[in-house]
Amino acid sequence: MANTIIMAPGPAQPASTMEASAARGASGIGFENVTVAYGNQTIVDSLTLTVKPGEIVALIGPSGSGKTTALRAVAGFVQPRAGRIVIGDRDVTHLPPYARNIGMVVQNYALFPHMRVEDNVAFGLRARHAGADAIRERVPECLGLVGMAKYAKRYPRELSGGQQQRVAIARALAIRPQVLLLDEPLSALDAQIRRSMVDEIGRLHRTLPSLTVLYVTHDQTEALTLANHIGIMRDGKLVAFGETQGLYRHPPNRFAAEFLGRANVLPAEQLEATDGGFARVRCADVVVAGRNHHGLAAGSACFVCVRPHDLRIEARSDSANRVAGVVRSVQWLGEQLSIVLEVGDSEIRLSQPPLARAPEPGSALTVYFDAADVTFVPEGDGHG
Amino acid sequence: MADLVITPPASSGPARAADWRALWIAPPLLVLAALFFYPLVLIAMQAFTSDAHTFTLDNFATVLHSRQFLSGLYHTISIAVLASSGCLVLGFVFSLVIAFVPFPGARLVGRLIDTFISLPTFLVALAFTFVYGSAGILNQSLMTAFHLTMPPVDFLYSQWGVVLSEVTVYTPFIMRPLLACFSQIETSQIEIASSLGARPLGIVRKIILPAALPALLAGGSLCLLLTVNEFGIVLFIGAKDVITLPMLIYDKAIQEFDYPTACVIAVINIALSLGLYGCYRAVVSLCGGRRAALD
């Protein structure tokens, strides 16, 4: 089952061709300066992005940022006004959806209501004129992969939301697609099932490590959990792209810092470079030391970026940065405490494990953070 | 113990209210009986009554063996089946285009269809005589262009003219429920089918058609019912040798004053219509239930 992702270029191939081509390697996705526009409104603006074979890349961004349109352009549901889309070594820009050899899963499952589960999964194989034997073999295999083998005879209406989404994934995988496109696949599920489905998709990708996945979501937890790389879109542009942990730890701009993980971003000035990739800036009337990950020039203005969970109310070392402020609000969230601190004209959020005695709103509080946990982010909001 | 027993009054309030409600139902029932059921009963009585004013089935035996009636029945059924089939094909294709092929003015076309349903049926026949009639635009143009002495297109005054007119009139009756049905199909289902390798015709056959089947069956049954009883178009076209059951009733009653025969044919026509209506209701309830189950 693993490592059997099809590379064949044609859309309608007999099963024998599918099996033969399954031995070949995985395919990536390439956006080359892709622009999508409806009338005068540009939805995706000169998007250039590469999804390497076998990777999961998550596209995240606020509503209307163009992430779903970018995915739909790969599927062939929208036609780019400019640029090229490549799957594997094929330019698919002008190919119809049925000729692209992709698997797709959408938010509302889109199962065919008049077909049983097994017929839903077999749909793509039949559309490609696969032989009866190949279908008989492949359908249980795919249903087994998502733990739905015993539901083969049921109709979609007889399944729960999570089960329907598993069938949708099995249906997409049955055709051995070159790439799998997931368009907010878990948004319609409740929180608990969503968490288990995230684990399920992760497990699925470990089973099929050569499967290339483009995953569009507005849920950053899904993106952080599943993706090898994350792209952040805003107003049709890709404003940040990078390896998941790297992007989280060292966001390239203020928008990426705030959107991914809601980092504290404070204006700073007079950056002074020091040794070992570190630098110092003046921020909120104090000097803050941190990583100069982006190699900012001395004297330039920038933002100080520090994650809420990296802030502490007790110093771990003498050299730790410290900022004093006034507690504005304290919110108990069960497994953590969310504290908002007023520092000059800015606010800082910190999350702490539940404390024996939580600070009172209005009281003075000093927070500490290590230089290694601070990133200096260049000015600019990530727009072109 | 005896103190606790409360004897209800002989006539309770709700029961009296029910009696009054029954009185409200009586007037409309009387009007319905006077205007609808009584004339129908008279027709049925006439059909089953002999000249000697006794019950008889001889009238039916005579009518059922007459070539004129059998020809009328054949024309009625064949025209209804052909027209309904034409309506189904044309209505399905038109609805597909309007619903799934985006083009400017699609909404306007949808509204025009609604308007068409409200027009009298014979107007189409009248319009067709202007276009396809002996002295219509088409024939006049062809005669002028090719120096012909006789009009070359004369299908209008045949069974096919009636069928074409009925198809034109009743296609919107198919399209209305179909368009409503198509609006319920999720675009994502069609997109996913396409991404899985299904071509447009395959999507129509495997996704859209099964979803549209209840609407097609209901619309087709309704069309069959309406075309079986169509009178205005057949009369207006005046097609030679095309006599349907409603036309035959008209001829017997109004032209020949043969009321017993007209009543016998009317009873048969009513039985045919009620049978078709029963089928229509069965299809609607069956498909309605199935649709609800699918949703």
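**View 1. The two domains of chain A.** The C-alpha centres of domain 1 and domain 2 of chain A are 39 Å apart. Domain 1 spans 15–249 and domain 2 spans 269–378, with bounds from an automatic or database domain assignment. The model is predicted: local features need pLDDT of at least 70 and side-chain atom pairs pLDDT 80 or more, while totals for chains, interfaces and linings use all residues. Residues are numbered from 1 along each chain as its sequence is written, and chains are lettered from A and ligands numbered from 1 in the order in which they are written.

**View 2. The hairpin of S1(A) and S2(A).** Strands S1 (residues 29–38) and S2 (residues 41–51) of chain A pair in the antiparallel sense over seven bridges; pairing requires at least two DSSP bridges. Strands (E, at least two residues) and helices (H or I, at least four) are DSSP runs, numbered from the N terminus. Val34(A) has Leu47(A) in S2(A) as its bridge partner. Two residues lie between the strands, and Gly39(A) has a positive phi near 65 degrees.

**View 3. Packing of H3(A) and H5(A).** The axes of H3(A) and H5 (residues 161–174) of chain A are 7 Å apart, at an angle of about 25 degrees; axes are lines fitted to C-alpha atoms over the stretch in contact, and angles run from 0 to 180 degrees between N-to-C directions. H3(A) is therefore roughly parallel to H5(A), a term for angles under 35 degrees.

**View 4. The side of chain A that touches chain B.** Contacts (C-beta atoms, placed from the backbone, within 7 Å) join 20 residues of chain A to 17 residues of chain B. Strand S6 (102–106) and helix H3 (117–127) of chain A each give two or more residues to this side.

Methods. Two residues are in contact if their C-beta atoms, placed from the backbone, lie within 7 Å. Angles under 35 degrees count as roughly parallel, over 145 as roughly antiparallel, 65 to 115 as roughly perpendicular and the rest as oblique.
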